[in-house]
Amino acid sequence: MLFWVLVSFLTACVAIALMLPLLRGEKGSAVAARGDVAVYRDQLAEIERDKASGLVAADEAERARAEIGRRLIAAVDAEASERRVRDTPRAGLLAQAAIVVLLPLLCLGLYISMGRPGLPDQPLAARLATPDGDIEVLIARVEAALVANPDDGAGWDVLAPVYARRGRLEDAVEAYRNALRILGDTPERLAGFAETLIAAADGQVVPAAREALQRALSLAPGDPGVRFYLALGLEQNGRADEARAAFADLAASAPANAPWLALVQSHLARLGTPTPTPQPAAPAGPSTADIAAAEDMQPADRKAMIEGMVSGLAARLKAQPADAEGWQRLMRSYMVLGRPDEARQALKDGLSHFPAKSEPGRQLLALAKTLGLVREGL
Amino acid sequence: MIVELGHYALVLALATALLQCLLPLVGVLTSDPALMRTGTNAAYAGFGLTLLAFCALATAYVTSDFSVVNVFENSHSQIPVIYRFSGVWGNHEGSMLLWLLILSFFSALVAFFGSHLPERLKALVLSVQAALAAAFALFVLATSNPFLRLDPAPGEGRDLNPVLQDVGLAIHPPLLYLGYVGFSVCFSFAVAALIDGRIDAAWARWVRPWALMAWSFLTVGIAMGSYWAYYELGWGGWWFWDPVENASFMPWLAGTALLHSALVMEKREALKIWTVLLAILTFSLSLLGTFLVRSGVLTSVHAFATDPRRGVFILAILVIVIGGALSLFALRAGTLKAGGLFAPISREGALVLNNLILTTATATVLIGTLYPLVLETLTGAKISVGPPFFNLTFGLLMMPLLFVVPFGPMLAWKRGDLAGAAERLLTSALLALLVGAVVLYGAWGGPILAPFIIALGVFLMLGALAEPAFRAGFGKLGFMLALRRLRGLPRSTFGTAFAHFGLGVTLIGIVCATAYQTEAIVEMRPGQTIEAGGYSLTFDGLRPAAGPNYSEERGHFSLRKGGVDAGEVWSSKRVYTARRMPTTEAGIRTFGFSQLYVSLGDSKEDGAVVVRIWWKPWVLCIWLGALLMFAGGAVSLSDRRLRIGVPARSRQRPIQAVEAGE
């Protein structure tokens with residue numbers, strides 16, 4: 001409300017400032033003497049000075065004086081004729097209308113189409129003081145604390161997986177590295193570190209990741225995730241036999257209902273065939289390579305690319321809606337693009353396929369809550 | 001709310017500019033004084049509103065309000081507060097807002113100091129200024145709006161380019177823009193005069209202070225930019241003939257020409273048409289510079305972001321403004337009356353020569369800057385026109401001009417006495433030759449041209465001093481009397497002397513720093529020693545350190561001269577945490593006007609570091625000269641005759657003086 005009061009006040013002030021000369025009309029105008037007359041008079045004085053200091057010869061000064069004198073007379077004449085012109089009628093009414101009507105209309109129209117009048121200022125200090133639910137600010141707060149005290153291992157430990165989940169892979173790698181340096185090895189930390197390195201390398205199990213995985217395995221032998229990535233590394237290195245053995249081992253030790261069993265078996269199937277089949281098509285939507293490419297782009301291009309990928313994902317989900325993860329990704333993408341309405345629509349569409357009571361449906365709702373799409377109790 | 005209020009103020013500023021453009025123009029066309037007078041208040045309002053918008057954005061920057069896209073993209077909460085503030089114009093949107101702010105500031109200045117202008121002229125000038133402001137406000141709002149918001153707001157910004165996190169950013173752009181945009185007033189005066197069809201000596205008198213002000217700011221703005229590049233980029237260079245530098249240098253050259261031709265016009269009512277054309281061209285070159293830098297045609301540290309829409313928009317402004325003004329010029333120039341006559345050997349003649357050379361030089365720089373662009377557009381071939389081209393063409397052109405500079409002020413108006421002027425400059429010339437000979441002897445085997453150009457620089461300096469000395473009558477009259485007369489000389493005489501003296505100082509700095517610098521690139525291990533400029537530097541090793549938003553490796557060097565301790569130099573390599581961007585901080589140690597410049601390169605595994613060391617003799621003179629030129633401009637500006645609002649109050653005095661004289 002105060003905002004609109006100030007807006008009206010500002011507009012009114014400008015309108016009044018513009019109207020004043022029109023309202024005052026002729027009364028306020030003591031006809032200012034013409035400036036050029038003053039200039040010529042001043043120049044006459046200057047010639048005297050120049051002559052005195054030897055800047056012009058005496059006869060030249062005389063001639064110049066005559067020259068300026070002629071201009072002075074012409075200027076004085078012009079001044080007199082200008083006084084006579086002043087009695088013309090005023091066309092002020094139209095101008096007043098333009099100021100009173102056009103100014104507010106134009107400004108309000110333009111502003112409302114571009115501005116966000118309801119959006120309050122959000123200085124960082126105030127947000128840090130009351131960070132309810134603002135995940136970005138929570139991250140910023142931990143970051144600020146770490147700048148002050150970079151040897152706080154717990155801070156890095158908290159931050160690392162958060163970075164990784166938000167796609168800030170480089171930051172995540174750095175945070176894991178600091179946490180490992182300060183707090184030492186744990187299987188979880190090492191596995192997270194390795195996973196982030198692999199994600200940052202477009203899915204390649206790079207040597208640093210392999211080394212971390214082996215350290216993790218020595219601390220917690222039998223961890224299926226760690227073993228999977230190690231096997232994947234072998235496969236990528238072309239050591240098919242060792243990879244097949246490792247995957248087979250993993251499959252053999254897996255409980256029957258392990259959700260990752262299908263993935264292991266698909267790798268086994270690929271390694272089992274004598275001629276390697278081409279890689280199965282990656283699920284549509286941004287791949288790590290795409291994201292890496294996006295990082296190097298101009299903001300406008302990046303936005304266009306993200307939007308292209310998101311609309312691709314939306315089209316695919318329309319055709320094959322039985323993809324709970326896809327719906328989650330779509331909702332998140334829409335929120336990143338600042339299109340909450342479409343995110344809400346995605347939630348609705350997803351829920352129409354996965355009932356809210358089912359596990360995927362519950363996950364969808366939980367995500368919607370963290371994204372701020374729905375209020376508690378819906 | 002502050003941010004949104006700033007946004008609204010900017011919109012209101014656009015609307016105000018539109019009205020400020022239209023109402024006074026209609027007033028002039030219908031001879032309605034009330035309408036003409038609306039321009040004044042509108043100019044104040046426009047400035048106030050733009051200032052409000054600017055302050056709102058600055059508040060968002062200082063408080064790290066990342067709900068503003070512009071702040072999110074170009075700031076970071078860990079940056080020290082001064083750089084958070086100067087970061088307002090460390091990006092495209094903010095710097096365009098600063099451009100607009102300064103434009104409206106000049107409009108308000110014209111409104112304030114223009115009380116003695118004829119009403120029609122003042123109304124037209126304000127109207128043209130407002131047309132420019134409206135075009136740029138529209139540009140900002142439509143393509144580069146700094147007030148767009150993000151909801152939800154990110155928790156941290158993407159950081160300001162570390163190269164820009166420097167006091168240089170706080171100083172260089174505002175000064176440069178004061179210069180660039182200051183010439184808009186001259187442009188508006190020229191267009192107003194063309195519309196009105198009346199132009200006389202008084203016009204030149206009114207334009208000259210604005211040209212002087214803009215020129216002074218541009219001079220010091222360019223110099224500060226050069227010094228900033230020199231110490232920040234770590235290459236030891238201070239001028240690269242980079243298109244972005246040329247973009248600011250061209251208006252400076254044209255502006256220098258304008259300054260001198262306006263003098264002729266004011267004094268002698270000659271060169272009218274030419275002066276009007278120069279006023280238009282100077283600002284056109286400013287606009288061209290803005291286009292080159294802002295459109296992304298050139299990629300450099302200045303092209304913060306590139307977006308084709310922006311380029312097209314600025315190009316449209318460029319075409320309309322320059323094309324419109326030149327068409328008007330073509331239409332009206334014929335109706336302007338040519339002014340007084342003069343002999344070739346006269347002060348006017350010298351100034352015409354100055355104008356000829358300066359405009360040719362401007363054209364040279366323009367060709368060197370645009371030719372690669374045009375060629376790339378037409379054929380796709382990428383070439384770069386570098387220092388060899390500019391040094392040869394531009395340098396060659398400037399030499400005769402520099403030689404003539406001391407003669408100009410010595411010549412009388414209308415008909416000068418060349419022999420007399422030469423006689424008065426004889427002492428200066430002999431002293432200069434003596435200095436040149438000493439340098440030639442001292443630096444035997446060095447670059448052969450350098451001593452001669454140094455002599456030219458000394459001649460410039462001494463010649464500049466000789467003029468007021470001659471006017472005061474030193475040597476002819478008694479010392480005390482001459483001193484009294486010196487005090488009585490008009491301030492503009494001193495302004496001229498300062499500026500020309502500064503030119504000589506800069507010339508000497510350029511020649512010495514170019515011809516006599518020594519450069520060494522060596523791999524140094526801790527404990528190793530190297531010689532540079534008569535000093536021996538010992539590398540003591542690297543030490544880690546941390547700043548507010550960066551960590552750095554600082555290399556320490558101890559200096560000795562002739563075995564005696566001569567201080568120390570720190571040079572560092574920084575990594576800014578937010579962008580993970582490395583920068584080098586050169587270590588600079590000043591001895592008199594000379595500097596020792598140490599920059600760190602890559603470090604090796606075994607503790608060795610690649611170190612670049614320059615000895616730059618007299619290098620500070622380059623910028624010191626520019627400061628002197630600025631001072632000259634300021635002194636000239638304080639001359640009573642030019643003081644902008646003067647005639648209303650002091651009109652009586654000069655008249656009485658004339659009467660007393662008669």
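In this model, residues Trp327(A), Leu330(A), Met331(A), Tyr334(A) and Met335(A) of helix H16(A) meet Pro340(A), Glu342(A), Ala343(A), Ala346(A), Leu347(A) and Gly350(A) of helix H17(A), where a contact requires C-beta atoms, placed from the backbone, to lie within 7 Å. The model is predicted: local features need pLDDT of at least 70, side-chain atom pairs count only at pLDDT 80 or more, and totals for chains, interfaces and linings use all residues. Residues are numbered from 1 along each chain as its sequence is written, while chains are lettered from A and ligands numbered from 1 in the order in which they are written.

**Chain A**

- Chain A holds 18 helices and 0 strands; helices (H or I, at least four residues) and strands (E, at least two) are DSSP runs numbered from the N terminus.
- Of its 378 residues, 29% count as buried; a residue is buried if 20 or more other C-beta atoms lie within 10 Å of its own, exposed if 12 or fewer, and partly exposed in between, with C-beta atoms placed from the backbone.
- Among contacts in chain A with a separation of 6 or more, 46% join residues 24 or more positions apart.
- The axes of helix H16 (residues 324–336) and helix H17 (residues 340–353) of chain A come within 7 Å and cross at roughly 170°; axes are lines fitted to C-alpha atoms, for helices over the stretch in contact, and angles run from 0 to 180 degrees between N-to-C directions.
- That angle makes H16(A) roughly antiparallel to H17(A); angles under 35 degrees count as roughly parallel, over 145 as roughly antiparallel, 65 to 115 as roughly perpendicular and the rest as oblique.

**Nonpolar core**

- The largest nonpolar core has 251 residues, of which Ala194(A), Phe136(B), Cys186(B) and Phe189(B) touch the most other members; such a core is a set of buried Ala, Val, Leu, Ile, Met, Phe, Trp, Tyr and Cys residues joined through C-beta atoms within 7 Å.
- Helix H8 (residues 201–232) of chain B gives the most to this core, with 20 residues.
- Leaving aside residues up to four places away in sequence, Ala194(A) touches Ala209(A), Ala212(A), Leu213(A), Ala216(A) and Tyr229(A).

**Contact between the chains**

- Chain B and chain A each give 67 residues to their contact.
- On the side of chain B that touches chain A, the elements giving two or more residues are helix H1 (2–29), helix H2 (33–62), helix H6 (119–143), H8 and helix H22 (652–661) of chain B.
- H1(B) gives the most to that side, with 14 residues.

**Domains and helix pairs of chain B**

- Chain B is divided into domain 1 (1–165), domain 2 (173–327 + 343–404), domain 3 (408–516) and domain 4 (518–616); these bounds come from an automatic or database domain assignment.
- The centres of domain 2 and domain 4 of chain B, taken over C-alpha atoms, are separated by 38 Å.
- Helix H17 (residues 450–472) and helix H19 (residues 491–515) of chain B pack at an angle of about 165°, with their axes 8 Å apart.
- H17(B) is therefore roughly antiparallel to H19(B).
- The two helices H17(B) and H19(B) have a left-handed crossing; a crossing is left-handed if the near helix is turned anticlockwise from the far one by less than a right angle, and right-handed if clockwise.
- The axes of helix H5 (residues 92–113) of chain B and H6(B) come within 10 Å and cross at roughly 165°, which makes H5(B) roughly antiparallel to H6(B).
- H5(B) also passes H6(B) in a left-handed crossing.
- Residues making this contact include Trp99(B), Leu103(B) and Phe106(B) of H5(B), and Leu132(B), Phe136(B) and Phe139(B) of H6(B).

**Individual residues of chain B**

- The peptide bond from Asp151(B) to Pro152(B) is cis, with omega near 0°, and Pro152(B) lies in the loop between H6 and helix H7 (167–196) of chain B.
- Asp159(B), found in the loop between H6 and H7 of chain B, has a positive phi of about 85° although it is not a glycine.
- Asp159(B) counts as buried because it has 22 C-beta neighbours inside 10 Å.
- Leu271(B) has a positive phi of about 60°, although it is not a glycine, and lies in the loop between helix H9 (243–268) and helix H10 (272–294) of chain B.
- With 25 C-beta neighbours inside 10 Å, Leu271(B) is counted as buried.
- Arg208(B) is found in helix H8 of chain B and counts as buried, with 25 C-beta neighbours inside 10 Å.

Note on methods
Two residues are in contact if their C-beta atoms, placed from the backbone, lie within 7 Å.
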